[in-house]
Number of protein chains: 2
Amino acid sequence: MGFEALPDKPAIPADNRMSAAKVELGKQLYFDPRLSVDGTVSCNSCHNVIASGTDNRPVSVGVAGQKGGRSAPTVWNAAFLSVQFWDGRAASLEDQAKGPILNHVEMGIPSAEEAVNRIRSIPGYVEQFAVVFGGKKSVTYDNIAKAIAAYERTLLTPNSQFDRYLKGDKKALSEQAKRGMKLVEQVGCTACHNGPNFAGPAMPVGTGFYQKFPTFENNEYVKKYNLMADTGRHEATKNEADQHMWRVPTWRNVTLTAPYFHNGSVETLEEAVRVMAQTQLGKTLTDKEVGDIVSFLDSLTGKLPKQVLPQLPLTPNRTLTEK
Amino acid sequence: MGFEALPDKPAIPADNRMSAAKVELGKQLYFDPRLSVDGTVSCNSCHNVIASGTDNRPVSVGVAGQKGGRSAPTVWNAAFLSVQFWDGRAASLEDQAKGPILNHVEMGIPSAEEAVNRIRSIPGYVEQFAVVFGGKKSVTYDNIAKAIAAYERTLLTPNSQFDRYLKGDKKALSEQAKRGMKLVEQVGCTACHNGPNFAGPAMPVGTGFYQKFPTFENNEYVKKYNLMADTGRHEATKNEADQHMWRVPTWRNVTLTAPYFHNGSVETLEEAVRVMAQTQLGKTLTDKEVGDIVSFLDSLTGKLPKQVLPQLPLTPNRTLTEK
């Protein structure tokens with residue numbers, strides 16, 4: 001059995017060491033809707049840490065009610081992924097954090113300069129950046145991203161039933177979950193969904209583990225759920241070899257993150273399991289097999305950490321966001 | 001001097017007693033975006049307790065990017081108000097909580113039944129309602145509102161500089177703030193902005209303290225800030241006597257809640273003070289007077305309580321909200 005428990009800590013980049021003050025600053029930024037142009041969307045709006053780390057929507061809703069093109073991946077345990085976004089176009093959490101703030105359908109700040117200017121105009125942030133990063137000119141877009149990434153590296157969900165089982169508590173898994181655990185190997189799911197995050201083998205940061213999805217195109221699901229419309233990593237690289245290639249998504253907490261797939265087209269985990277067996281392995285599972293696998297996937301839900309809300313530094317007597 | 005400190009506790013309705021479990025349940029509901037039709041808006045989206053208790057926008061943004069008609073009042077100390085909403089159309093926090101959930105431009109749930117059905121389909125909520133309200137059929141729209149109101153009665157901001165001053169710490173107020181404190185009486189602001197919340201005298205719950213705004217219509221501000229377009233309480237009652245009548249809003253934490261007025265048309269507190277002196281009292285203040293009054297208003301910012309985020313009860317393997 002090649003299963004791996006969730007590590008206690010993610011790798012920490014040499015140029016973004018952790019500190020309590022940095023994590024606290026990053027948490028404030030993560031929850032701050034002023035990082036969106038009109039003050040309505042924060043990182044937490046779509047990656048909701050009081051719930052599944054997602055918004056449980058097919059695709060997210062950004063400023064002015066605009067819908068994004070893909071379903072928001074969970075922020076839980078994202079620190080263990082070697083690349084970010086569905087198509088792996090960000091090499092790190094730091095890189096990822098810079099995307100949505102400037103994306104016009106997500107948070108919609110017109111430029112990095114404008115994001116920096118807005119944060120610089122909040123005295124409570126300027127003080128904290130000086131303490132965390134040093135110097136009066138430490139409010140930079142890179143440092144905004146570093147603080148957010150540092151906070152995200154604390155968003156881990158240890159102690160799932162599965163992890164307790166792996167560490168020796170043989171009663172932590174139900175009999176059904178144990179059957180599911182065998183099945184995911186027998187059926188072939190773990191050919192891709194392996195490693196501590198069930199998102200592929202450990203890879204150097206910035207190196208993604210990609211697979212073609214769907215692999216088998218001639219089945220009812222591909223059309224029904226419109227699985228070919230988005231060409232995946234190809235949309236980022238324009239490389240023909242990347243057509244319909246996707247980062248293998250994590251299984252951890254997957255029971256909480258409905259709806260499923262890059263386009264959020266599948267509403268239940270049972271159906272997602274059926275779709276994957278058919279599109280990736282050419283197999284049709286029985287209802288019992290599906291139930292057993294879902295039971296195993298349920299056992300991968302970890303302990304979601306309690307979050308103490310930050311109080312955001314405010315700007316007396318004025319507002320900063322656009323109407 | 002007729003100033004009053006913020007009371008320690010608000011009045012608790014006989015039919016909605018406080019309990020730790022009820023407050024915790026209410027907090028979960030307050031933060032739960034599943035109380036909006038598409039899962040994008042929670043109570044906290046517009047009444048943000050990690051910031052000013054508002055969204056610091058002219059008017060709020062609800063589901064699908066729709067804009068509301070009035071600026072979101074702060075939730076901080078709303079428990080001390082005898083009526084809710086700008087026009088006082090809700091007699092209690094319980095009544096108020098029922099409004100936005102069903103308002104089609106705010107949270108957009110089509111009916112109270114649908115809101116109840118959605119909460120009933122979340123086992124973690126059903127268990128808590130049974131504990132808090134008793135019985136298996138305790139998930140009702142009334143009880144949803146009661147739990148939210150109970151949580152809101154904990155959202156108080158004690159210990160402002162002003163309150164410390166009133167309680168004997170004569171150094172708690174700056175000299176400028178003390179000048180401002182005298183001015184608000186001399187100029188006449190406290191004719192309406194009096195009582196512990198500076199929102200009028202204590203009144204029986206459900207009884208509002210209303211004033212006409214603007215009183216003086218012939219000045220530059222009324223046109224510039226479009227202060228007559230909304231007829232205020234008249235829009236709720238259709239009573240001619242209620243034309244341009246508004247609940248007197250609180251001064252507490254006002255420095256944090258820009259932009260100002262029912263339509264959020266005024267961006268700074270300095271300008272808001274000038275507008276009020278002109279439109280309500282027919283007076284033109286000097287810049288020094290404005291500065292002194294703002295300094296006093298700044299002293300009314302209390303200690304915003306730290307919030308431990310709830311973890312929301314989730315629904316394994318499926319999602320509940322509309323696309």
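## A tour of the two chains

Start in chain A by selecting Arg70(A), Asp87(A), Arg89(A), Asp230(A) and Glu235(A): these residues are linked in a network of salt bridges. Keep in mind as you go that this is a predicted model.

**Helix H11 of chain A.** Select residues 269-281 and show the side chains of Glu271(A) and Arg274(A), which both lie in this helix, three residues apart, or about one turn. Their side chains meet in a salt bridge of 2.8 Å, N to O. Glu271(A) is buried, at 13% relative accessible area, while Arg274(A) is partly exposed, at 24%.

**Two salt bridges in chain B.** Now pick Arg34(B) and Asp32(B), whose side chains form a salt bridge (2.8 Å, N to O). Arg34(B) is buried with a relative accessible area of 10%, and Asp32(B) is buried at 0%.

Next, select Arg153(B) and Glu94(B), where the side chains meet in a salt bridge at 2.9 Å, N to O. Arg153(B) sits in the loop between helix H6 (141-152) and helix H7 (161-166) of chain B, and Glu94(B) in helix H3 (residues 93-102), so the pair ties together parts that are 59 residues apart in sequence. Arg153(B) is buried, at 7%, and Glu94(B) is buried too, at 10%.

**Arg252(B).** Move to the loop between strand E2 (245-247) and H11 of chain B, where you will find Arg252(B). With 1% relative accessibility, Arg252(B) counts as buried. Its side chain joins that of Asp163(B) in a polar contact of 2.8 Å. Show the surroundings as well: among the residues that Arg252(B) touches are Glu4(B), Asn77(B), Phe162(B), Pro196(B) and Leu300(B).

**Between the chains.** Zoom out to see both copies. A rotation of 180 degrees, with 0.0 Å of shift along its axis, superposes chain B on chain A with an RMSD of 0.0 Å. The two copies are thus related as by a two-fold rotation axis. The same surface serves both copies, since 100% of the contact residues of chain B recur in chain A.

Which residues of chain B lose the most area to chain A? Select Ile50(B), Leu309(B) and Asn317(B), which together account for 22% of what that side buries. The area buried between the chains is about 3600 Å², with 56% from carbon and sulfur atoms.

Definitions and conventions. Residues are numbered from 1 along each chain as its sequence is written. Chains are lettered from A and ligands numbered from 1 in the order in which they are written. This is a predicted model: local features need pLDDT of at least 70, side-chain atom pairs count only at pLDDT 80 or more; totals for chains, interfaces and linings use all residues. Side-chain values use heavy atoms; hydrogens and water are left out. Copies are superposed by least squares on the C-alpha atoms of residues with pLDDT of at least 70 in both. Contact means heavy atoms within 4.5 Å. Buried area is the accessible area (1.4 Å probe) that two parts lose on being put together, summed over both. Helices (H or I, at least four residues) and strands (E, at least two) are DSSP runs, numbered from the N terminus. Buried means under 20% relative accessible area, exposed over 50%, partly exposed in between (1.4 Å probe, protein chains only). A polar contact is a pair of N or O atoms within 3.5 Å; within protein, one must be able to donate a hydrogen and the other to accept it, and residues adjacent in sequence count only if both atoms are side-chain atoms. A salt bridge is a side-chain nitrogen of Lys or Arg within 4 Å of a carboxyl oxygen of Asp or Glu. Lists of a residue's contacts leave out its neighbours within four places in sequence.
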